[in-house]
Amino acid sequence: MTDREWAALEAIETRPILDLFKAEPDRLSRLCIEEAGIRFDFAKTHLTAAHLDAFVTLAAAADLAAKRDALFAGDPVNASEGRAAEHTAERGQGAPESVRRAAGLHTRMRALIDAIEAGAFGTIRHILHIGIGGSALGPDLLIDALGRDSGRYDSAIVSNVDGAALAEALDRFDPTATLLVIASKTFTTSETMLNAQSALDWMEVGGVADPYGRVVALTAAPDRALEFGVDETRILPFSESVGGRYSLWSSIGFPAALALGWEAFEELLEGAAAMDRHFRLAPPERNAPLIAAFVDRYYANLRHAETRAVFAYDERLRLLPPYLQQLEMESNGKSVTVDGAPVGRATAAITWGGVGTDAQHAVFQLLHQGTHLVPVEFVAVTEPEHGLAGEHHTQLLGNCFAQGAALAAGKASDDPQRAYPGDRPSTTILLDRLDPATLGALIAFYEHRTFANAALLGINPFDQFGVELGKEMARAIDSGGDQRFDPSTEALIARALGPATSEDA
Ligand code: F6P
C-alpha cells in the first residue's frame, strides 16, 4: 500500500516555477541530468526538493527497485500473461540465458542482411515492410530519423488496412526489385495478413516468378509464418517475452538494420544498453527515467493534468510522438492494479504532440493561454545534419528554448486578452546529436520511464487486453455473422456494408 506516501506528496506546498529557482539555488544542477549524450532538464517543472524526496519514498514503498531487478532478471513481470518482459536482453542487459538467445537471433538476422547485401535475392531496391502497432512504429521511427541520407534502399512501412496506404507504396515500387518484410509478433493480426497477401498478389502480377522467395518474416510465432508459406531460412524469430511495443531491438528492427547498416543497428543497441545501466544503477535522485516518471505522476495525480504533450524540435524526430503514444498509452492506459483491484488514481496521461516550430503556429495558443494544464516536453538536437544549418538551426533551437521560457515566465498585461498566466511546466530533452547510439538511449529512456510510472502505480505495463474487444467485434462485422450491435452501429453497417440487419434508421 502506498496511500500514506501519496498523502504525504499531496500535502507538499506547490510554488511557482520561477520562485523555485530562487528558493533552491542548486535547482538547475539537481534537476538536470546528463547521460548517454543527452541532457534531461526537469528544472522548469513544479517538482520541489521536498517533492523529489517524497517521490523517492513513494518509489521505495512501491518496491520499485525490486520490480526493476525483476524486469532485468527476466522474472515474469507481465503477471496477467505469465511471462517476462525481456526487451533489455536484446541489448545485452538481462538474464544470461535470454541475452545469449537474443544474441543468437541477432546473428541470424545479420547473416540474412549480409546475404541480401551480397545479392542472394537479386537486385533489391525497395523494402516493403508490412506490420502494425509495435511491428511498424519502431522501424518507421528509426528509418525516418536516421535513414534520410543513407540512400541504401527506398523503404515503405505500411500498417493501415486502408488499401490507400498499401496502394501508395505499390505505385512507387517495382515488384521485381522489392523485398517484402512481414512483421507480426503473433502472425495473426488481420490488417497485416491482408496487406501481406495483397502485396504478394501484386508481386505475382508484377512478374515475380516466386513471390514467397522474396519474403522475410519477423515474428515470435515462426510456425505460423511457415504455415503462411515463408521459407524457414527467411523467418527471423524473436522471443515471446519481447512485447510488441518494445520490440524494435529484436528482429522487428530488421528493415532498419538493413536500411541503416548493421553497424548502426549495433550502435543503437549499445546506446540503449547505456540507458539500461543508468536506470539500473543511478541513485533515484539522479535517475533520468525515474525523475521523468515522478514529473509524470506529479502532474497526472497531484495536479490532475489529463494529457502531456511532446514536441520534437527536429524534423527527423517527427515520428517520436506517435511512437510514444503507443508506448505510453498502450502500456499504462489501465484501470486496475496487477492484482486486479481498481487503481484509484489517474494512470497514463494522454500523450499527444507534434513538431516544432510547426506546432507553435497551430496548438501552442492553448498551451500559453488555454484553461488546461499541459506539461510539455521539448526534444531537440544540438548538432544539425543538413546543408542548411546556420540560421535555420539557430532559429529552430531559439524557438524551442523560447517556448519553454515563455510558458514558465508568462507576461502580465492590463488587457486580459493579451496576458499570459505563465507558470506552465516544461521538460527539455537535448540530444548532442541524432546518431544511432543517442536515439537508442532516448528510446530506452522512454521505455524505462513508462515502466517506472507503472511501478509507482502498481499496474502492469506489459499487457494490452483493452485492444481485444474492438478486434472481436470487427471480426464479427467482417464475417457478416449473427452478432447484433446497438441500433446506431447496425444502421452504419447496413448503410455502408450491406443490407439492413435491423431497423434501418
Ligand atoms: O492491437 C494491439 C497490438 O497487439 C499491439 O500491442 C501490437 O504491437 C500490434 O497489435 C501488432 O501485433 P502483431 O505484432 O502481433 O501483429
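Predicted model: local features only at pLDDT ≥ 70, side-chain atom pairs only at ≥ 80, totals over all residues.
Me: Which residues come nearest to the ligand?

Reply: There are 14 residues around the ligand. Those that come nearest are Gly133, Gly134, Ser184, Thr189 and Gly244.

Me: Is helix H7 mostly covered or mostly uncovered, and how many of its residues are buried?

Reply: Helix H7 spans residues 137–146 and has ten residues. Among its buried residues are Leu137, Gly138, Pro139 and Asp140.

Me: Which helices and strands do the buried residues of H7 pack against?

Reply: The strands are S3 (126–130) and S4 (154–158). The helices are H11 (254–260), H12 (262–281), H14 (320–332) and H17 (436–457).

Me: How are H7 and H14 directed, roughly parallel or roughly antiparallel?

Reply: The two helices pack with their axes 10 Å apart, at an angle of about 155°. Angles over 145 degrees count as roughly antiparallel. The direction of H7 and H14 to each other is therefore roughly antiparallel.

Me: What is the handedness of the crossing of H7 and H14, and how many nonpolar residues does their contact have?

Reply: The crossing of H7 and H14 is left-handed. H7 contributes Leu137, Gly138 and Leu141 to the contact, and H14 contributes Leu320, Pro322, Tyr323 and Gln326. By class, this contact has no charged residues and two polar ones, while the nonpolar residues number five.

Technical notes:
Residues numbered from 1 in each chain as written. Near = placed C-beta within 6 Å. Buried ≥ 20, exposed ≤ 12 C-beta atoms within 10 Å, placed from the backbone. Helix = DSSP H or I, 4+ residues; strand = E, 2+ residues; numbered from the N terminus. Contact = placed C-beta atoms within 7 Å. Axes fitted to C-alpha atoms, helices over the stretch in contact; angles between N-to-C directions. Parallel < 35°, antiparallel > 145°, perpendicular 65-115°, else oblique. Left-handed = near helix turned anticlockwise from the far one by under 90°. Nonpolar A, V, L, I, M, F, W, Y, C, P; charged D, E, K, R; others polar.
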